[in-house]
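Please have a look at the sequence and the structure first.

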Amino acid sequence: MTEFLPLAILMTSLGIAPAILAMPDRWTRVRTAVNLAAASVKVALVAWLSLSVAQGAEYAVTLAVAPGLALELRADALSVLFLALSAVLWLLTTIYAVGYLEGGTDRSRFFGFFSLCVAATVGIAMAGNLFTFLVFFEFLTLATWPLVVHRGTAEAHRAGRVYLAYTLGGGLALTLGTVWLHALAGDVPFVPTGVLGDLPQSHPLTLSAIFVLLIAGVGVKAAQVPLHGWLPLSMVAPAPVSALLHAVAVVKAGAFGIMRIVYDVYGVETVAALGLATPLVAVAAVTILWGSFRALAQDDLKTRLAYSTVSQVSYITLGVALVSPVAAVGGLAHLIHQGIMKITLFLAAGNFAEGRGVKTVSGMDGMGRLMPGAMAAFTVGALGMIGVPPLAGFVSKWYLGAGGLDAGQPAVVALLAGSSLLNAAYFLPILHRAWFRDPPEGAAPRRRIGWMLALPPAVTAALVLAAGLLANAPFSPLGWTRFIVSLEYL
Amino acid sequence: MTEATLLVTLPFLAALAAAAHPRAAARWGGAATLANAVLAALLVQDVLADGAGATGIGGWTAPLGIALAADGLAALMVAMTALVGAGVALHAADWSLRAAADARRTRLRTGFWPLWLTTMGAMNALFLSGDLFNLYVAFEILGLTAVGLTALSGGRTALRAAFDYLGAGLAGSLLLLLGVALAYAAAGRVDLAVAGTLAGTVEGRIALALVLAGLAVKAALFPLHFWMPAAHASATPAASALLSALVVKAALYVALRLSLEAGAGAGTLRAALAAAGAAAMFWGAWHALRAERLKMLVAHSTVAQVGLMALALGLSEDGVPWQAAALLMLSHALAKAAMFLAVGRIAEELGHDRISGLNREDLRPGAAEFAFAIAAISLIGLPPSAGFVGKWLMMEGLIDGGAWPWVAVVLAGTALSAAYLARVVSRCLRGGPHVAPGARRPPWRTGDVAALGLAAAALALGLGSALPLALLERTLT
């Protein structure tokens, strides 16, 4: 049984992709049925896995590739955190995407690569060593590219080129770092508190260089400044892709990579001993502020959300880099919290564009009256991002701030306060326009959006509320992250 | 080791039969290719189980007979030929069937099979041969059939390219023959192990240099690649696939053999090989980036990839394990054959192979495009392909040896190959306004299965690298 679950979870998305790719576009029903069935099965399997892992069960599958190189899928507590996020949000995004792309072109290609993209994410979540992580990380780059350029316009292709240049460049850095670490230390399994033993004492400079390469490699996907240039451009992708990219797949894979490298390859104590934790905090701080500043100036709704992602994902980096268990809880919980909040915002933004043709902040006047449901979900997401209690974002920020004090870096509290002010400055005007202004004269007529578009943001908004209100429940994201952190900080 | 003897003799007999009985050429060809694949599988199994072995054809051994030696490397190369050959033969059989009605294509249809079977026999003989003279003979046969394959499409450019190919091939053979003769004069024997003693004397080193120069012409290694892009780009898809995937590997294989035997000697030659390889990577990539035609792009990518393999050979004293070169050869063979077959299908459907025109058609040969994209993953060396494992071994060795400039060269080559292949794949990902509502998807063909299968094999081989690497452990010593 220990091999079945990880493989089954991978195959529910990897296995159906070829079939979907080969289907004629007009087989809408079959395709939708296969997609939804696979996504539902995956959620069930991940739930089963989570329960077993919580009870101490271990799962591993290994395939030897070459001497000293093995592909290994393993499910530990940190994997489960990311798996749960991707499984639940994949189901919701699939429903949304089916509705969103109704009548569009190339849907088989879209859903095929959509499945491959989730398969790569799942592989990243369950990677048991650095090599496996690298394999799925590069796979993710290739699987998302066709989704970014899905619209096929010149603009989409330009964005696709930039995306590919950034991510393949990052992939090269990550590959080089991984090979170098292999040459130095042999196989690199993921183990809490790190696997490097005495090497940091004997090779401090080499290991620091490798750390920079690895973090730069995953930092491209995590959109750390100055490696974030691809993210706002890739907003040309269809709304469900943006939602998936920002909440689950690409950006989160990068953030998850930072966690794995800091916690399970080097160990957070070693990172601090090598003097690398403070620079990482600095990178995170700059990214948080820079992303928020750029978000202020964007009129395009999705681009504003994209810069907000740049900023918010760095909370995770911040929580990891601050050497404090309290901050770690905040950072890890934010992996989930940012995911559900950001997907709510993107799905709602997609609905504004579909239902009323509104794509800009300046066009949001009166949206609360025009599309109350979507706007309510958007509001919950935005308030959560700002950190209004009792929503999910507040919980993350609370722990991050407390962690900053715990780590002896009170400046972090100021950073968080400043960031929250900026969050408020770029989100509240939208909410104000939507709820307190009148719809413009001669607004575009309403196009009906079906339940497939309306339901997912409502569900994720409810999750945002629940993750905040029920933060102390045993299976809340927060509860689970406390469990993970207890393994790293023994 | 009866397989070894059969592997060398059977294809030639089948080629004779196919030439004598042209109406059934495709059937002869298909049956012989299938038999060859079975024999290759048996050989691999034998070598894995019992280790390497040597035999003489008909029981005759040296100095009179033709000695055959099958170690892990030879078995791997024979298997590579069989696998690529099976894929290409599937494509060619499908194509033969559809061309049957077309009288003008008869020559093409019947001419292909004897040429392919002779190529296969010559490749097998070359891989299994134990001495330099046999190698030379196998090379001669191979050179002639390769010219035939190039000229097969019969167009003006193809004939011109074939003629250039013939000239280059003869020049290469001349160098090779001169080298072999000089080696015989210097050492008094011509078995492959002679390379070790040759590296010790001045005459011997000159002989090695001549042999290497001859091989460089035949492998189209920069700056001796001038004949190759035109030849590979103007042939029919099946011929291009064979020429690019297999025929250039023959020369690289011999270079690998010699470098294994020559050991630490011949440092200058190694350096020259590495320098030429690095230059080839950039030269080929530059031309592939600027290519206007799809076939030209793929042919120039072969120039770059041959450079990468030469680099791996040249750097064997800097820590690159020789297995890396063998794995890169295998991966390139599968991926490049898939790519040429895919390009052939795309060009046939669209009626042209201009890269700029790829995304303005309302015709979408999706299966071929997908095969191209998967093959591209292997050629770039992205995981989980065999090309990736090859590059990984190469980089790990270089880092271990502290050869950082070469690491940078490998990384730069990888980035460049991603850039030129992305030119094509991005145009395959068209959509939106470019696509007419009535865009039609051509039906599946057996040939698509061949391209997809070869590309998928190259990709999956990375995960299964343990098998070829275990095979390579079986050496004759």
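## Confidence

Keep in mind that this is a predicted model. For the complex, the predictor reports a pTM of 0.92 and an ipTM of 0.89.

In chain B the average pLDDT is 85, and 90% of the residues score at least 70. Among the elements of chain B, the highest mean pLDDT, 92, belongs to helix H12 (residues 294-314), while strand E1 (residues 53-56) has the lowest, 69.

## The nonpolar core

The largest nonpolar core counts 400 residues. Those with the most contacts inside this core are B:Leu334, B:Ala338, B:Ala371, B:Phe372 and B:Ala375.

Leaving aside residues up to four places away in sequence, B:Ala338 touches B:Ala371 and B:Ala375, along with B:Ala451, B:Leu454, B:Ala455 and B:Ala458.

## Where the chains meet

Chain A brings 30 residues to the contact and chain B brings 27. On the chain B side, the elements giving two or more residues are helix H15 (386-400), helix H16 (404-428) and helix H18 (466-472). That side of chain B is made up of 18 nonpolar, six polar and three charged residues.

## An annotated span in chain A

An unreviewed UniProt entry places the feature "domain: NADH-Ubiquinone oxidoreductase (complex I) chain 5 N-terminal" at residues 71-111 of chain A. In the model, this span is 71% helix and 12% strand, and its end C-alpha atoms lie 26 Å apart.

Methods. Residues are numbered from 1 along each chain as its sequence is written. Chains are lettered from A and ligands numbered from 1 in the order in which they are written. This is a predicted model: local features need pLDDT of at least 70, side-chain atom pairs count only at pLDDT 80 or more; totals for chains, interfaces and linings use all residues. A nonpolar core is a set of buried Ala, Val, Leu, Ile, Met, Phe, Trp, Tyr and Cys residues joined through C-beta atoms within 7 Å. A residue is buried if 20 or more other C-beta atoms lie within 10 Å of its own, exposed if 12 or fewer, and partly exposed in between; C-beta atoms are placed from the backbone. Two residues are in contact if their C-beta atoms, placed from the backbone, lie within 7 Å. pLDDT is the predictor's confidence in each residue, from 0 to 100. Helices (H or I, at least four residues) and strands (E, at least two) are DSSP runs, numbered from the N terminus. Ala, Val, Leu, Ile, Met, Phe, Trp, Tyr, Cys and Pro count as nonpolar, Asp, Glu, Lys and Arg as charged, and the others, Gly among them, as polar. UniProt positions are given in the numbering used here, feature names are shortened, and annotations may be inferred rather than shown by experiment.
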